[in-house]
Amino acid sequence: MTPFFEQPRSFAFGPFVLNPEQQMLVEDEAPVTLGGRAFDILTALVERPGVVISKNELIERAWPNLVVEEANLKVNIAALRRALGEKAGSLQYIATVIGRGYRFVAPVRSSQPTPSSRKSRPFSGQSNLPPALAGIVGRAQDIEQIHKGLETDRMLSIVGAGGMGKTTVAVAVAEGFAARVSDGAWFVDLASLDDPAGVPGAIAKALGLETPPGTVFADLLDHLRSRDMLLVLDNCEHLIEAAATCAAEILAEAPGVRILTTSREPLRINGERVYRLAPLDAPPLEGRLQTDALLAFPATQLFIARAMARNRMFHLQDGDAPVVAEICQRLDGVALAIELAANRASAFGVHELRSLLDGRFRLTGGLRSWPERHQTLTATFDWSYNLLSADERIVLRRLSVFPGTFSLDAACVVARTECDLAKTIDDLANLVDKSLVTAEPAGNAVTYRLADTTRAYAQQKLAESDEADQVRQRYVHHLAADDRRYEGYAVQAL
Ligand SMILES: Nc1ncnc2c1ncn2[C@@H]1O[C@H](COP(=O)(O)OP(=O)(O)OP(=O)(O)O)[C@@H](O)[C@H]1O
Ligand SMILES: [Mg+2]
């Protein structure tokens with residue numbers, strides 16, 4: 001059998017498979033006729049899906065060392081679109097990025113053994129990283145900054161809300177970082193581990209170490225002491241204490257080991273650099289948005305890519321662009337939420353989907369291969385909610401009465417628990433740490449906010465509790481008190 005690394009590379013998208021070395025494109029196993037130039041252009045586009053390839057680069061690729069008119073490129077792009085069965089105005093495979101070039105917008109599964117599409121390597125090799133996601137949208141800057149952060153600090157935590165894309169980014173960073181450390185990058189999946197005492201064992205197992213049960217941690221440290229490697233501890237939040245203790249010990253004992261963690265809250269240990277992963281950018285809602293403009297924003301680009309992966313006949317009509325932008329905004333730019341919505345796009349159409357978002361906790365439709373906590377948006381929030389203390393849960397659901405931003409004072413009035421005020425402030429700080437409440441600087445103060453999806457989830461929890469009316473009353477009193485204070489200022493100002 002041909003070893004994996006000697007197999008010809010191929011790119012699969014929709015019903016097509018492109019094999020550049022054999023100059024072959026097949027659709028559902030039937031060969032598609034394509035000119036040589038169009039073939040080269042298509043290859044250049046699918047090699048880097050989602051990236052704008054300039055007209056010059058495409059011309060150079062198809063007509064090396066020749067001076068040709070841009071019109072030739074246009075003709076070949078039109079031929080390609082025809083061969084791929086694209087309808088006029090639809091955005092199935094090749095998007096024109098006006099004034100810049102072209103971009104391949106469909107998800108591509110690549111079988112080339114390049115760094116960005118490597119399969120899992122055996123334990124005896126230099127890494128056990130899962131394959132990086134093909135067609136990752138946006139995040140180039142995050143990946144670069146985290147990579148740089150790991151060069152200067154030995155421990156970095158990617159922190160963010162559930163489904164934001166932390167694991168996706170961590171794997172992409174580790175792929176790039178593996179070449180920089182002589183003992184490679186190693187991935188430890190903690191999400192599936194329930195027992196905190198099992199953290200050292202999970203790391204040892206990922207490294208392929210066989211250790212007798214009594215001495216796992218000592219053996220692990222012995223193994224790591226002389227290594228130059230990157231350890232990725234993925235999904236630490238439910239074992240946060242154990243992961244923190246273990247990471248601190250490794251940092252102290254193994255000077256050549258760097259640790260990259262993903263977690264919904266920081267580990268809070270010495271030397272930890274925290275990188276908060278922001279939502280994917282979505283287009284602003286104002287203005288007349290064209291379909292092409294959706295591709296300039298990662299959130300909407302992800303929506304389109306996933307909707308097309310689910311149903312290759314999916315395409316956007318004129319007037320759909322603002323609706324898709326609104327869906328992505330209302331889902332707070334959270335990758336998982338956008339994927340779940342996109343999976344339903346063909347079934348409902350984007351307009352109906354937008355109205356269904358009000359019942360967003362029924363947003364289901366995760367793929368079978370996804371973990372349990374990614375099957376529905378509720379499951380993602382349940383995972384975080386179940387890790388909260390009883391008081392943190394109370395504060396979170398009470399905060400759901402605020403429709404927008406709120407101050408610390410307001411939070412204390414409305415969400416104060418039966419404990420003392422300092423405890424409520426502490427609980428609020430914990431909710432910020434755990435990526436359930438956002439804190440934004442506003443002048444000298446800080447304002448707080450629940451993302452739309454978090455708020456809807458917390459509102460549901462409030463409705464299920466026996467204190468919904470009481471909390472709403474507190475909120476109304478707070479508004480009235482605020483008005484009176486405002487009137488007082490107004491009188492003073494006269
Ligand atoms: N930049 C991206 N481009 C394309 N898909 C993405 C991107 N980021 C995330 N996704 C997809 O969104 C889903 C959630 O991503 P991921 O598992 O990385 O989130 P997470 O923040 O690690 O979630 P959790 O807190 O539950 O572990 C996955 O299906 C992933 O493939
Ligand atoms: Mg994760």
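**Ligand shell and helix packing**

The shell around ligand 1 is made up of seven nonpolar, ten polar and five charged residues (Ala, Val, Leu, Ile, Met, Phe, Trp, Tyr, Cys and Pro count as nonpolar, Asp, Glu, Lys and Arg as charged, and the others, Gly among them, as polar). The model is predicted, with local features needing pLDDT of at least 70 and side-chain atom pairs counting only at pLDDT 80 or more, while totals for chains, interfaces and linings use all residues. Residues are numbered from 1 along each chain as its sequence is written, and chains are lettered from A and ligands numbered from 1 in the order in which they are written.

Of the 22 residues around ligand 1, those that come nearest are G165, K166, T167, T168 and A335; a residue is near a molecule or strand if its C-beta atom, placed from the backbone, lies within 6 Å of it. Two or more residues of this shell are given by each of α5 (166-177) and α11, where helices (H or I, at least four residues) and strands (E, at least two) are DSSP runs numbered from the N terminus. Ligand 1 lies between domain 2 (115-276) and domain 3 (291-380), because both give residues to its shell; the domain bounds come from an automatic or database domain assignment.

Helix packing can be followed next. Two packed helices are described by the angle between their axes and the distance between the axes. Axes are lines fitted to C-alpha atoms, for helices over the stretch in contact, and angles run from 0 to 180 degrees between N-to-C directions. The axes of α9 (residues 298-310) and α11 (residues 335-343) come within 8 Å and cross at roughly 40 degrees. That makes α9 oblique to α11 (angles under 35 degrees count as roughly parallel, over 145 as roughly antiparallel, 65 to 115 as roughly perpendicular and the rest as oblique). On the α9 side, A299, L302, F303, R306, A307 and R310 make the contact, and on the α11 side A335, I338, E339, A341, A342 and N343 (C-beta atoms, placed from the backbone, within 7 Å). By class, this contact of α9 with α11 has eight nonpolar, one polar and three charged residues.

Technical notes:
Two residues are in contact if their C-beta atoms, placed from the backbone, lie within 7 Å.
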